[in-house]
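Visitor: I am new to protein structures, and I would like to go through one slowly. Could you show it to me first?

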Amino acid sequence: MTEVVQSGMSQDRSDTVRRPLPDFVPAAGLMIVALLLWELGVRLFNVPEFVVPAPSAVFRSLIESRYHLMVAAKVTAIEVLVGFILSAVVGIAVALVIARFERFGRALYPLIVLFQNVPKVALAPIFILWFGYDMAPKLLLIVVIAFFPVTIDMLAGLQSVEPSFVSLMKSVGANKNKIMLRVRIPHALPHLFAGLKVAITFSVIGAIVGEFAGANAGLGYVIQFASTQLDTPLVFSALLVISVLGLAFYYVVELAERFLVPWSPKYDTRQRSH
Amino acid sequence: MMLAETAAPAPSVVSAPDTAEAQIIGRHIAVDFTHAGRRQRVLQSVNISIPRGSFVSLIGPSGCGKSTLLKVLAGLVPPSEGSITVDGIAPEEAAKKRVIGLVFQEATLLPWKNALENAAFLLMTADESIAKSEAFGRAEAMLKLVGLRDAENKMPSQLSGGMRQRVAIARALALDPQVLLMDEPFGALDAITREEMSECLLDIWERTGKTIVLVTHSIDEAVLLSDEVHVMGTGPARIIETLPITVARPRGEESYSEPAFKAAEKRLRGLLIESHRRTS
């Protein structure tokens, strides 16, 4: 009887069906319950704060260290943003080169896959050694980690054009560049955004790992510093700020996708089935 | 119109009586594909002559080379042997001069463009200098011709399979080609839509007078639409018989019950079954 339609995309206009709840309501409810249980558990079993701080202690630390955290968040945010943009540019460029220059692409692609198997996180100390404690080694680490999903998805997108359509373009005299520009690249956009969404979360990881390896600012640095001081509530607050930052960046990419690729099947609620 | 098998080597210069009637002339066409280092003959010594303004079908079991032959006519696959001309010139030249329009099994519309923009897209690609208003005007007229008067602003995702294929036909017609080559254009559609589309195509042919070459699996479709059906067989892939269809025109739903229709249908079925048996 009380069917609650989960997704806001449902086209069912029947009056007997209740208005759907916004997606975040059940998730938020579950989170509140989990936080309450956590608080209760810590208090009940007298867990020491430096082992597991209660949510209230984390919140207190968040308020107390807010300036400190904000300054660190700004440093990390800039690293993530610049690193992500560089990753996107490099990732797209590599995909375009592989797709456009097939022979060179056949040589390059296996090398990129091979390189993907190097544990990139382990490169962080080397980059620090080469470039010092500034932003450069973090950006390099981010690019090395995050360009790969962009390249792979972009490439899949460029190659997703149906061969018969390529024949059609060729038959009226369109050359490879024209086909690339007018057909392949627009076709690749929905795929590209799938890659960019992975890349933005990888960029956050890259920035934090870079700061772990050697930094004097940023949220990764705060976590490392606070943990040596056994200031676990501050570690958790910094983690919270990183998560919120990552989530915000992710939604910016998703928003850009909605704006730039409105024909993507997942947004097209008018889709008809035949 | 099938040319008799002659032993003469394929001349690229065609004699006068041929050009007067035949628009597409293929002589001794053979196609080899190289697959994994092995050459394989996918089409063997095909002679074909297609009169201007006629409706011709290529029918046969899978693997008989009918799609390959269509691609040769379109200039997409160069023949390994023999010669082919469309309007007296090589097919790839003819395609660039927009003599040839192509329709495939998949409509392949661009999902970020609406029906009108899709219908105009190929014309605007072929002719960089054409004014947008002119291209859209022609695309609009072609959408009307294929029966999509009110769907101009719809996106491909909002169109049914049949409607998408109509847009693909309009896109080909917007080039104003002399010849329309269609590779199983209705193969992915359900039976009822298919019949609707056959009638739509018949109507387009009658109104525009274009030469149409249709690759199909459907005997009914071939008989209803064609002046001539080329039956193709395998082992090696070639044309095994050319059957003129004498069903009276104009044709329509009532044509299905005509004796000439039934006779042609029976003959085609016999040929296809025989050809299929030899394959399996």
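This is a predicted model: local features need pLDDT of at least 70, side-chain atom pairs count only at pLDDT 80 or more; totals for chains, interfaces and linings use all residues.

Guide: Residues are numbered from 1 along each chain as its sequence is written, chains are lettered from A and ligands numbered from 1 in the order in which they are written, and side-chain values use heavy atoms, with hydrogens and water left out.

Visitor: How many salt bridges does the structure hold over all chains?

Guide: Side chains of opposite charge can pair when their charged atoms come close. A salt bridge here is a side-chain nitrogen of Lys or Arg within 4 Å of a carboxyl oxygen of Asp or Glu. Over all chains, the number of salt bridges comes to 20.

Visitor: Which residues are linked with Asp32(B) in a network of salt bridges?

Guide: Asp32(B) is buried at 16% relative accessibility, where buried means under 20% relative accessible area, exposed over 50% and partly exposed in between, with a 1.4 Å probe and protein chains only. Its side chain meets that of Arg39(B) at 2.9 Å, N to O, and that of Arg41(B) at 2.8 Å, N to O. Arg39(B) is exposed at 62%, whereas Arg41(B) is partly exposed at 34%. The network links Asp32(B) with Arg39(B), Arg41(B) and Glu81(B).

Visitor: In which helix do Glu265(B) and Arg269(B) both lie?

Guide: The side chains of these two residues, Glu265(B) and Arg269(B), form a salt bridge at 3.9 Å, N to O. Glu265(B) is buried at 17%, while Arg269(B) is partly exposed at 40%. Helices (H or I, at least four residues) and strands (E, at least two) are DSSP runs, numbered from the N terminus. Four residues apart, about one turn, both residues lie in chain B's helix H9 (residues 259-279).

Visitor: Which element gives the largest share of the lining of the largest cavity?

Guide: A cavity is a set of points, on a 1 Å grid over the protein atoms alone, where a 1.4 Å probe fits but cannot get out, and lining residues have an atom within 4 Å of a point. The largest cavity holds about 30 Å³ of space, and the elements giving two or more residues to its lining are strand S5 (100-103) and helix H6 (161-173) of chain B. Among the lining residues are Leu168(A), Phe104(B) and Arg171(B). The largest share, three residues, comes from H6(B).

Technical notes
On a 1 Å grid over the protein atoms alone, a cavity is a set of points where a 1.4 Å probe fits but cannot get out, and a pocket is an open set with protein on both sides within 12 Å along at least five of seven lines; lining residues have an atom within 4 Å of a point. Grid points are joined across faces, edges and corners, and a volume is the space filled by probe spheres set on the points.
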